[in-house]
Amino acid sequence: MHYIRAVDGVVSRAAVASGAEGAAVVPVHDGLFDAGPPAHLLGSACDSCGLLSFPRVERCGYCGEVDSRPVNLPATGRLWAWTAVTTAPPGYRGAVPFGFGVVELDAGPRVVGRLTEPDPDRLRAHQPMETVVVTLHTGDDGQVVTTYAFAPTVPA
Ligand SMILES: [Zn+2]
């Protein structure tokens, strides 16, 4: 069994493939990420302007051309902005508080997403981050729903 990253709530690749106890493990939305290793986001690269997009697109949002092709986005980046979500949004079934922020991927776009660190005081601008796959919630039927998140690679 290979673990992507040994922090609370981060699931292993094997767990993603088979379920921790035989339960189904599904991504919150198909086509957003690959559990790896290394875990990474699925984006697009525009052959006209060269810019990267997330999530995947057919038409580039920067130049409007239809020259985008699927690419694996860099697994690492730097923290650009962050906050903590302390009250569950409508329909949300996961735990609170959780971190939420913007990470500028290496040579890539700025991506909004969940952070594994819920305490804003333990984060800092330009902190190195890596993409991980975490459990978002477990359904009544035991189905484990996963999503991507960003985890600090070094303490603030
Ligand atoms: Zn473009």
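The legends below describe close-up views of a predicted model. Residues carry numbers that start from 1 along each chain as its sequence is written. Because the model is predicted, local features need pLDDT of at least 70 and side-chain atom pairs count only at pLDDT 80 or more, whereas totals for chains, interfaces and linings use all residues.

**Figure 1. Overview of the chain and its secondary structure.** The chain contains one helix and 10 strands. Their order along the sequence is α-β-β-β-β-β-β-β-β-β-β. Helices (H or I, at least four residues) and strands (E, at least two) are DSSP runs, numbered from the N terminus. Of the 156 residues, 31% count as buried. A residue is termed buried if 20 or more other C-beta atoms lie within 10 Å of its own, exposed if 12 or fewer, and partly exposed in between, with C-beta atoms placed from the backbone. Among contacts between residues at least 6 apart in sequence, 51% join residues at least 24 apart. A contact requires the C-beta atoms of two residues, placed from the backbone, to lie within 7 Å.

**Figure 2. The largest nonpolar core.** This core has 24 residues, and those with the most contacts inside it are A39, V133 and A149. The elements that give two or more residues to the core are β6, β7, β8, β9 and β10 (144-152). The largest share, five residues, comes from β9. Domain 1 (1-39 + 75-156) and domain 2 (42-73) both give residues to this core, so the core lies between them. A nonpolar core is a set of buried Ala, Val, Leu, Ile, Met, Phe, Trp, Tyr and Cys residues joined through C-beta atoms within 7 Å; the domain bounds come from an automatic or database domain assignment.

**Figure 3. Surroundings of the core residue A149.** When its neighbours within four places in sequence are left aside, A149 is in contact with G113, R114, L115, T116, V132 and V134. A149 is also among the residues with the most contacts inside the largest nonpolar core.

**Figure 4. Pairing of β6, β7 and β8.** Strands β6 and β7 pair in the antiparallel sense over eight bridges. Strands β7 and β8 also run antiparallel and are joined by six bridges. Two strands are said to pair if DSSP finds at least two bridges between them. V102 in β7 is the bridge partner of A81, and V102 stands opposite V112 in β8.

**Figure 5. The β7-β8 hairpin and its turn residue A107.** β7 and β8 form a hairpin with four residues between them. A107 is placed in the loop between β7 and β8 (110-115). Although A107 is not a glycine, its phi is positive, at about 55°. With 9 C-beta neighbours inside 10 Å, A107 counts as exposed.

**Figure 6. H126 in the loop between β8 and β9.** H126 lies in the loop that links β8 to β9 (128-138). Phi of H126 is near 70°, a positive value in a residue other than glycine. H126 has 10 C-beta neighbours inside 10 Å and therefore counts as exposed.

Figure 7. F54 and P55 are joined by a cis peptide bond with omega of about -5°. P55 is found in the loop between β4 (52-53) and β5 (68-72). The peptide bond from V96 to P97 is cis, with omega near 0°. P97 is located in the loop between β6 (76-85) and β7 (98-105).
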